[in-house]
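Colleague: I would like to learn how to read a fold from its contacts. Could you take me through one case?

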Amino acid sequence: MIQVAILGYGVVGSGVAEVLRLNQGQIVKKIGQGVEVKYVLDLRDFPDDPLESCMIKDFGVIEKDKDVTIVVEAIGGETIAYDFAKRALLSGKSVCTPNKALIARHGAELLAIAKEKGVNLLFEASVGGGIPLIRPFNDALLTDEVETVTGILNGTSNYILTQMSMNGTSYAEALKDAQNLGYAEQDPTADVGSFDACRKLAILLSLATGKQVDYEDIQTEGIEKISTEDFVFAKELGFTLKQVVDGRVCENGVEALAAPFLVPLGHPLSTINDVFNGVWVHGKTTGNVMFYGSGAGKLPTASAVVSNIVDAAYGQHISHVWSADKAKILPAENYIKRKVIRISCENPSAIANVLNVNVLTHDAYPNYAAWLTQPESEAETAIALDRLKSIEGFKAVERVLRVYDSE
């Protein structure tokens with residue numbers, strides 16, 4: 001019997017215990033023995049819970065118990081989770097975690113310890129929730145080079161933007177709806193600010209480059225300012241709006257953005273709605289591969305963790321490795337993207353004549369004008385925007401949105 005300890009008995013931790021109970025028969029068929037939860041570490045009490053007798057408050061008990069070979073870290077955050085995960089690995093126990101913050105910050109160090117100790121650090125659920133992504137992504141690197149990693153990696157923001165797109169809901173109304181349904185926290189900053197998606201992108205790029213990609217170095221922009229008008233003009237130009245991560249491995253470094261993007265209608269990413277995630281990976285020889293599924297939720301996420309428990313139970317070392325050397329993040333102002341620029345003005349034709357662009361107007365918004373640029377750098381866009389100030393009737397730049405172009 002494989003004995004495991006669960007650290008943190010919140011949504012994911014309790015979900016792992018539930019999935020282990022529900023799927024015990026399948027696990028026995030897979031590895032020839034069952035998996036038993038010996039300890040649950042949490043500062044809270046859970047009277048009448050099926051695992052009440054397993055509850056403890058001292059991690060040292062788990063650390064010293066040689067019968068516990070796998071630890072599930074479901075506490076979250078980067079402090080206590082880091083301390084316990086490191087101690088578990090140093091004591092010769094494999095660690096399975098959905099904690100993207102932990103892996104994005106300390107992945108290189110913890111993976112090195114796991115390798116030294118001959119155990120596993122597995123984090124399938126840290127990116128994409130229940131989508132089988134990390135393992136096939138990592139396996140692809142054995143025979144191919146990943147050149148781009150793009151997609152939708154935050155279900156909360158995707159739900160909000162879907163409501164705005166399909167129902168004409170305002171951002172504030174869509175966010176409130178997401179909070180009422182439990183998709184968004186009361187403080188939704190990590191999700192709507194693109195920080196959650198940014199950490200996930202950093203993990204995938206660290207795997208792709210074999211070096212540490214610090215998420216703080218990735219330019220990150222939120223969806224908080226997206227408005228109904230943005231969707232109206234986007235649709236007229238053949239796009240929809242999505243919160244997208246865009247990572248590209250180049251010869252001299254890495255391009256990386258986490259921001260709202262205009263996705264062409266008809267592209268597979270444009271059809272990913274509500275709380276679903278979708279990741280588009282381009283390999284040098286494999287070409288395009290897409291991963292799609294439920295990116296969050298108690299049981300999908302817990303199922304991914306349990307799949308890692310089964311992997312660890314085999315006793316085979318799974319090589320997820322990147323070094324502590326930092327990958328170079330290229331300056332965002334040099335990224336080449338098409339953009340849609342929307343301004344408020346009194347004379348759209350004057351804008352068209354001076355900039356030599358095809359200006360789009362809309363009867364419902366007579367004071368707005370928008371146009372699609374050619375591929376240009378952020379610096380070139382800034383120069384064009386500066387020229388607008390001298391045009392008669394110009395009032396303000398309302399929005400600049402990059403276009404997602406998959407090569």
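Colleague: What percentage of the 407 residues in the protein is buried?

Modeller: First, the ground rules. This is a predicted model, where local features need pLDDT of at least 70, side-chain atom pairs count only at pLDDT 80 or more, and totals for chains, interfaces and linings use all residues. Residues are numbered from 1 along each chain as its sequence is written, and side-chain values use heavy atoms, with hydrogens and water left out. Buried means under 20% relative accessible area, exposed over 50%, partly exposed in between (1.4 Å probe, protein chains only). Here, buried residues make up 55% of the 407.

Colleague: Why does the radius of gyration agree with a compact globule?

Modeller: The radius is taken over C-alpha atoms, and the globule rule is 2.2 Å times the number of residues to the power 0.38. For 407 residues that rule gives a value near 22 Å; the protein has 23 Å, so the two agree. The C-alpha trace spans about 75 × 45 × 35 Å along its principal axes.

Colleague: Which residues touch the most other members of the largest nonpolar core?

Modeller: A nonpolar core is a set of buried Ala, Val, Leu, Ile, Met, Phe, Trp, Tyr and Cys residues joined through side-chain atoms within 4.5 Å. The largest one has 69 residues, and Ile62, Phe123, Phe137 and Leu204 touch the most other members. Helix α10 (residues 195-209) gives the most to this core, with 9 residues. Helices (H or I, at least four residues) and strands (E, at least two) are DSSP runs, numbered from the N terminus. A second, separate core of 32 residues includes Ile2, Ala17, Val35 and Ala302.

Colleague: What is Phe137 in contact with, leaving aside its neighbours within four places in sequence?

Modeller: Contact means heavy atoms within 4.5 Å. Phe137 meets Val146, Val149, Leu204, Leu207, Ala208 and Val281.

Colleague: How do α1 and α12 cross, and what is the handedness?

Modeller: Axes are lines fitted to C-alpha atoms, for helices over the stretch in contact, and angles run from 0 to 180 degrees between N-to-C directions. The axes of α1 (residues 11-22) and α12 (residues 298-313) come within 8 Å and cross at roughly 65°. A crossing is left-handed if the near helix is turned anticlockwise from the far one by less than a right angle, and right-handed if clockwise. This crossing is right-handed. Among the contact residues are Val12 and Val16 of α1, and Ala302 and Val306 of α12.

Colleague: Which residues of α13 are buried?

Modeller: In α13 (residues 348-355), they are Pro348, Ala350, Ile351, Ala352 and Leu355. Their cover includes β13 (339-345) and α14 (378-388). Just after α13, Asn356 takes a positive phi of about 55°.
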